[in-house]
Structures are given as C-alpha cells and as structure tokens.
There are 4 protein chains.
Amino acid sequence: MPDGLTDLIAELARANRILAHEGVLDAFGHVSVRHPTDPGRYLLARSRAPLLIEPDDILEYTLDSEPVKPTKVALYAERVIHGCIYQARDDVMAVCHHHAAAVLPFCIAGRPIVPVFHIGAAIGEATPFWDQHDEFGDTNLLVVKPEEGRSLARALGRHAVVLMKRHGATVVGGGLKELVSRSIFLCQNAEYQMRALMLGAAPPLRRGEIKLAGNVNLMPIVVARTWEYWSTRLNASGAMPPPASDKPKRKR
Amino acid sequence: MPDGLTDLIAELARANRILAHEGVLDAFGHVSVRHPTDPGRYLLARSRAPLLIEPDDILEYTLDSEPVKPTKVALYAERVIHGCIYQARDDVMAVCHHHAAAVLPFCIAGRPIVPVFHIGAAIGEATPFWDQHDEFGDTNLLVVKPEEGRSLARALGRHAVVLMKRHGATVVGGGLKELVSRSIFLCQNAEYQMRALMLGAAPPLRRGEIKLAGNVNLMPIVVARTWEYWSTRLNASGAMPPPASDKPKRKR
Amino acid sequence: MPDGLTDLIAELARANRILAHEGVLDAFGHVSVRHPTDPGRYLLARSRAPLLIEPDDILEYTLDSEPVKPTKVALYAERVIHGCIYQARDDVMAVCHHHAAAVLPFCIAGRPIVPVFHIGAAIGEATPFWDQHDEFGDTNLLVVKPEEGRSLARALGRHAVVLMKRHGATVVGGGLKELVSRSIFLCQNAEYQMRALMLGAAPPLRRGEIKLAGNVNLMPIVVARTWEYWSTRLNASGAMPPPASDKPKRKR
Amino acid sequence: MPDGLTDLIAELARANRILAHEGVLDAFGHVSVRHPTDPGRYLLARSRAPLLIEPDDILEYTLDSEPVKPTKVALYAERVIHGCIYQARDDVMAVCHHHAAAVLPFCIAGRPIVPVFHIGAAIGEATPFWDQHDEFGDTNLLVVKPEEGRSLARALGRHAVVLMKRHGATVVGGGLKELVSRSIFLCQNAEYQMRALMLGAAPPLRRGEIKLAGNVNLMPIVVARTWEYWSTRLNASGAMPPPASDKPKRKR
C-alpha cells in the first residue's frame, strides 16, 4: 500500500471523528475521499458511527459504489451519494452527507441557507434544495438507488452544498480538509442565520464579497490552523480509541 | 439466574445511562423492559437517577407494579406507567417515561410533535396528548394510581408515544434498543420541529413516507451502529462507575 | 467544632459546586445556610467563584452580615441579601443569589416566571419582581446596603423566589438541599417556559396543582436521588479539587 | 528578558486559552497586549488557534504590525486591527478580535448590543457598528490593510466595543484581564439580550446605572475571582498542553 494512501486513510478516519465531535455528524452521516491515484475509486468507512471510525474501517469503492474487495461487513446504505457525485463532478475530491442539527431546521422549513458572514462564504452563493419526493414519490427518504444518487448530483450541479428536504445536506470539496472546513462553516452559518432572523433580518453577503471571501478560509495556511484546532478538541474529548499499536490488526 | 436475564439486566442498566447521557432522562424519568421469559413481569430500577443505574439496582415487578421479592429500597412512585402499559399492550417490550428538555415545551404549549425528518418517522404518525386533569382534576401530576396508569395507557392506544400535558412523555418499543433509539429520535425531532417553526414552517412527512421511513432506523443493523455510538459517548464522559468486578456485590 | 457543623460546611461547599456545575451559578452568585445551632448566624463562603468553594472557604456571619471572626480575606459584596432574608424569615434555612442564564432573560424583559410543569411547581405560585431603581434610583445594581437588602426581603415576602430586574434572582429554602433543588428547577422551568412561549403559549399549572406538586420533589427521598445525581455529574466533570488530605490545611 | 515580560507573555497565552474555552474565540480570533515597557510595541501570537497558544507562540510587533524580529512562522492576516487601535488609543492596553457565536447574530442583523444587566454594563453605553463595505466596497471582509485598520479604529472611537457588520467584534481594555472579562461579559449580555427580545423586550440599563455598574466587575478583586474561575474551567477541560518543563524549548 503506497504511503500516500495510508496517510489519506488516516486523515479520512480523523475527518470522520472531527466532523462527529464538532456536531456535523452524529450516529449517522458519512464522509468519503476520492482515491489519491485512481480517480475511478473512492474511500469510505464501513457502516459505523463516524465518531468511532478508525483506519481499519475504511474500504475502497468503485464509482458504482461497490466495494473493490468482497467484504462481509455492513456498508452504508446511502453510499451512492458519494459515487454519483464523484461520477458527475471531476473537481470533487471529497463528499460529506450529514443531518447536522444546525442545518435540519432549514431542510424542514424549506428555507435556503445563504452566506451571512465572511466565513460562511465558503458555502458559495447558493444552496439548492433537492426534494426526493418530486421525482420518486413516497420513499423512506434514503438515497439508496443509483437513479436517486444521480438525481441528487444533478440538483447539486456546480454548487458546493445541496440541501435535502426533510433529510439533511450533502457537501463537497476539492480536498478532504477543505470539505471538513466547509461542512463546519455551513453549520455555523446556518446557526447564525437562524438567530439573526430571530433578531429581524439575515441579509446575505454581496455577490462580490462571497467571491472574495469564499476561498480565504480554505487556503492551506488557514486549514492547517483549523485542522490543528479541531484535532486538539477531539483529542481532549477522550473519545479517541487507543493508538493502533495497542490493538491487534484487523485484515482489511 | 438464566444468562439471557443477566444480559438483559446489564442492557437495561446501560439503556438507563445512555438515555441520561443523551439528555432524554435527567434526575428523573425511568426505563423498563418486559421480563424475557415471563411476559407477566417487567424489570425496572429502584428509585435512583438513571445515569447511575447499575445491574444491582434492577428489580423484578409484577404487571400490578409490585416488586416480586419484598424489598426495603425506595421504588419509583410512577411505576404504574410501566405495568399498565405492559397490561394493555402485548406488543410492547420496553417503556420509557421522561421529561426531556426538547419535549417539555410541546407538552406545556399543547402543540403536538409530528415527524418532520426521516429519522423522526420512528415516532409514528401522531403523538396523542393526555391531560391528567381531564379525568382526575387537580393532582400533583404524578401517575401513581393504577387508574391513572390505565388512563394513560388508553391515551397511548396503538401509538408509540404519548405526550403528557405539563409533565413529559412516555415512549414504548418492541424491544429495549428500539425504545432507546425512538426516545432519542423523538427528542431530535422535537428540537428540529421547534426550530423549523421559528423559521416559518414545520410540515410533517407524508403518511406514506412515515410508513416507509418509520422502521428503517430501528432495524438491528442500524441499532448496532447507534448503540455502539451512544455507548462510546457515555464511556468517554467519565460518568461510568468502575466495572462490577472491582466492587463488592450487593444482594438483590 | 461540633460534627453537625463540619458536615454542614462540607455540604455547603458541595452545594456551591453543584449549583455552579448545573449552570445556576457562574463566576458570580453565592449560596448560604443558616447556622445549625445558632439561628442568629449564617455560613457563606469568602469571595470566590462557587465552582471552587471548599470547606476551608466557608466563614460564619452574624445576621448583620459581619464575619464573626475578623478576617483579611475578601468577602462577597452582596452578603446583606443573605443576612436580611434570614432576619425577615424565620422559616428560611438557606439562600441562593444568582444570575442564571435561563432566568436572566425574564429579569430583563420583566416577564414573570410561572410554574409550567409539575417539577417547576417547587418555585411556588408566583415569583415577584424587585426593581432596585424604584426605591434607590440609579445604582450599580448590587445589593450592598442593609436598606437594599431589607427592601429585597420585603419584595420576597412569603414567596420562595424573587426576581431582580436587570440583575438576577434570589431563591430561599427550608434547608440547603431543598434550596439546591428549587434553584435548579427554577432554571429548568424558565427554560421550558421560554421555549413554550415561542411555540405559542405557556399557561401556568392550576393553583391546586401547584399546591399538590410543589413539595413532592423536595421530599427527602427525592432529594437523596437528585443530590446523588448532581454530585455524580460534578465528580465526572473533573472540576473537583484533590481531596483535603492531599493538601496543607488553611487556618480559618 | 525581564521577568515582567515573561509573566505577561504567560498571561497572554492563558488569556487566549480562556477566551477560546469560554466560547469567545474559536479556530479564529486573536488577542494582544501592549508591551509592558515599550508602548510602541505589542504582543500577539503567531497564526494559531487561540485554544492552543503557548508562551513560545507569542511574538513582538511594532505598532505598524510588523514583527520586531524577522520570522518565518505564519502571522495573523488581520493584525493591523491591533496595531491601528494601539496607535489611536493611548489608554488601550489589550485588544481582542473575535467572531463569537453570541455576537454574530447581532452583527448580521445589524441590531446593536446594549447593556441589559449589571454585568453587561462593562461593555459601555453603546457598541457602534462598522461596515467595511461603506468605505472599501466589496472585500473578503478581512481587515488586512492599514487603512482598513485605521477606519475600524475610527469607528471604535472612545468606545470599548465595535461591532463589525457580517464579520464579528473587536473589544479593547485597559489591561489584559479587564479585556478578558469584558469580552466574556459582552457575549453573556448579547445572549441574554437576544432571549429577552424573544420574550418581548430588552430595555438597556439607564445611563446612570451603566456608569455606576460599568467598572465594578473590572476591579482587581473581582478580576482575581473571575480569572481563577475561568482558569479552573480551562484546566478541567483537559485541553491544556503538558507543562513547559516536559517539552523541548522552541527558539522564539
């Protein structure tokens, strides 16, 4: 296994834990990254709560969302979200699907999330809505079939975030750390937008401001700072498993 | 004592702690499970805050809510809630009564909780209200008398949740882990419903969606994932007592 | 020093820490208890944040709020709140003054807190308002002068809680553990009342219900349960100092 | 290095951590202090999340916000906020720029924060707004150019707090501990003001009350109490690094 892959798998496990610890993911939700050398594959954990994901839990998938190596472990039912977006968007290197508490009220009320402060500009100018019912009628609201995944990818379009009515959100990024930042900033933006609305108004940033502010906090120098911060908070929480060397290895 | 019973008692103690740690129970509230081999009995802790319940705290009750073995320990005053529901509902294997912060505002305002996102479908299509005052006039609002328990069970009917005016909620399940999941999902749903209302609207899922989505997150494969997650969070909180082997046994 | 007093001092230190950990007190606020054998004295900590109070921090005061033994340590500026209430109310054995986050919005908006669920009945039927400005004009809003303390005690009257406009609240109890419970229940009630108002309505319990429910959760059997719970949460927080035996004693 | 400077650097590192732990700072925001013996210089960390700042991270800057010693470490982009305010205000000894969750909704809605309880009086009578767009048009909303910093300092004027539209706030103090207190009290005041508005009204303190109450909680005796409290909470959180003696020194 090339070292780049080993490192990326460790980073993906940590991304899972960070996003869980910061309140983006809970028992549900998942985060994937495109394979570093084979753009036709992606990496995603087996079905497990994100706070608990370790490198040994990460599996390799084709873009049809089938595991590359046959496995008996349980898989996330909604993994087509990831595969279909990687198929539709060459520029997307990482995907996060979640039901964050800050975002759900907007997904339920059908009210769009717009960037209301400079850090929120990382979500882009608009967050389109996708309603599974429009195309598929009554379902259990899970995105399980390839046609459901493709429909969601179409709604996402060239945006960075798509809101899923009465379900949650899916966020994409040009890299894993960028994705983690955007996912957390989306939640902060939604929370502040909601509270500002309760104070009377939550006007969005101007189009020019969004363009200029959108990438500032996704630059490597800033991402290094945020990643160190979220990692420290995660470590201090005591929710980390013992280091890998203390445990018997599991065959992947 | 048969092994199945020992395991179930340990699971019930853990269910108490998980529900306390996740904010469903606080100093008050209780959770019971029907006896695994004798449907005419149920298991419930002595009067103690749920976060602290250990297997040694669990007692066996008849469906008249009398302890099977005479005991001098203090008992929950409202245990008829459990007995009366087990009498009325053959299909119910576990019961949780609580005053969760997310649910209380609805119980006070008299506004029903409805499923507003796919995970919330686990609460079912409707959550009927029960007002102790309607039948019993001024009381201390505790459900202590058998006729009060029976009245509550009638209000519950075939539903999974009954809201108790100016008091709390009672939730039932076809098994203990299903009950834990439903109780937590009810709180999430209530919280998101409230916030969506503040954004303007919180329309319920469609009837067909509720039917299809209602059981998805109560399936064993999902419950294994949520139970592992909530257990890990509980363990990381430092609120667990030392393992039983470190302590002198108490005679039950 | 009689053992009863030593125990009460330890209990008072713990009450300080519990009320801080449960969000009633923060850097400010204080809690006192009447002397167990001399009703003309009370016990209160030196000026220190309640989360940190240890038995060695507790001092003895006359009802004029002067320390019985001369001391050079800093004292709470607002201790007349305690002395004046002990003078005015023979039945009061413990007093807590605080600026809890749940209560402040009501003190600012001038909207009374009323019992909206059975546990909230512990605050009594009404929570009168006291506005320091009415009698004393522009001040720094601290209750420092004996006449200010007496004015506050008059506003409290025979009630269990008095709300202080743009300042906080003062709560009294027939014992220290009763006071701790009432103070925490007041915050829960205020929080739920506010959220119910946002859902449309927060009607109070009926007068008969308040009378019947008011004392239920202040009974020794319930207080034992709540105290054990709050103590366990405090211990798990890691904010406790090392046990006294590990530290050099400080002369009181 | 004189001892006074060493102590102040340690205090600044701790101020960073306290403000992060109390929710004023997150991955972003920064706090500085004027040099204790050279008023033409100030101390500020390298670009790092405030929760992680250690004494070795602190650098010395001129009031033009250039590091006194050449360095290769990354620097905060917005350090002109600090330099320009120290240039404009002789009386300011410490500056904090932040995006606190309690304050952002007001910065987005454009609704001023006013002192609504006695402790909130520490923010002063008014909190002026500064909108970067008024003078500079579309930007990324970061205060990076000296003219932007000077414009912000003009908006601050003789006040203690300036709110930055769709961005955050900048707070100043006559000393580092005073600044920490004011920054935390601003957040509490904003939170309570918002909740009081939802209850119907949040009238400000009277002018005379603000004058009288404004400095009470910034007095050394009170600051000693609050600083000990916030430090204890920080220590209990487990987010502190090991003591410096356990680690190899880094050259500053």
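In the predicted model, C:Glu191 is in contact with C:Ala102 and D:Arg195, once its neighbours within four places in sequence are left aside. The side chains of C:Glu191 and D:Arg195 are joined by a polar contact of 3.3 Å. C:Glu191 belongs to helix α6 of chain C. Between C:Glu191 and C:Ala100 the C-alpha to C-alpha distance is 11 Å, although 91 residues separate the two in sequence.

Helix α6 of chain C, residues 176-199, lies across β1, β4, β6 (161-164) and β7 (168-173) of chain C, and its direction makes an angle of about 145° with β7(C). These strands are part of an open sheet of seven strands in chain C, ordered β3-β2-β1-β4-β7-β6-β5, with mixed pairing.

Strand β4 (residues 94-98) of chain B runs antiparallel to strand β7 (residues 168-173) of chain B, and five bridges join the two. Here B:Ala94 faces B:Gly173 of β7(B).

The arrangement of chains was examined through the pair A and D. Chain A is superposed on chain D by a rotation of 90° with 0.0 Å of shift along the axis, at an RMSD of 0.0 Å. This is the relation of a four-fold axis. Within chain A, A:Met198 has the C-alpha nearest the axis, at 5.5 Å from it. The two copies use different surfaces, as 3% of the contact residues of chain A recur in chain D.

At this interface, 31 residues of chain A are in contact with 37 residues of chain D. About 3,100 Å² is buried between chain A and chain D, with carbon and sulfur atoms giving 67% of that area. On the side of chain A, the residues that lose the most area to chain D are A:Leu199, A:Arg225 and A:Tyr229, which together account for 26% of what that side buries.

Polar interactions also cross the boundary between chain A and chain D. Eight residue pairs are in polar contact there, counting pairs with both residues at pLDDT 80 or more. Three salt bridges are found across the interface of chain A and chain D. A salt bridge links the side chains of D:Arg48 and A:Glu228, with an N to O distance of 2.7 Å. The side of chain A that touches chain D draws at least two residues from each of α6 (176-199), α7 (207-213) and α8 (220-236) of chain A. The largest share of that side, nine residues, is supplied by α8(A).

Over all chains, the whole structure contains 70 salt bridges. One within chain A is formed by A:Asp131 and A:Arg166, whose closest N and O atoms are 2.6 Å apart. A:Asp131 is located in the loop between β5 (129-130) and α4 (132-136) of chain A, and A:Arg166 in the loop between β6 (161-164) and β7 (168-173) of chain A, so the pair ties together parts that are 35 residues apart in sequence.

Definitions and conventions. Residues numbered from 1 in each chain as written. Chains lettered and ligands numbered in written order. Heavy atoms only, no water. Least-squares fit on C-alpha atoms with pLDDT ≥ 70 in both. Contact = heavy atoms within 4.5 Å. Pairing = 2+ DSSP bridges. Helix = DSSP H or I, 4+ residues; strand = E, 2+ residues; numbered from the N terminus. Axes fitted to C-alpha atoms, helices over the stretch in contact; angles between N-to-C directions. Buried area = accessible area lost by both parts, 1.4 Å probe. Salt bridge = Lys/Arg side-chain N within 4 Å of Asp/Glu carboxyl O. Polar contact = N/O pair within 3.5 Å; in protein donor to acceptor, adjacent residues only side chain to side chain.
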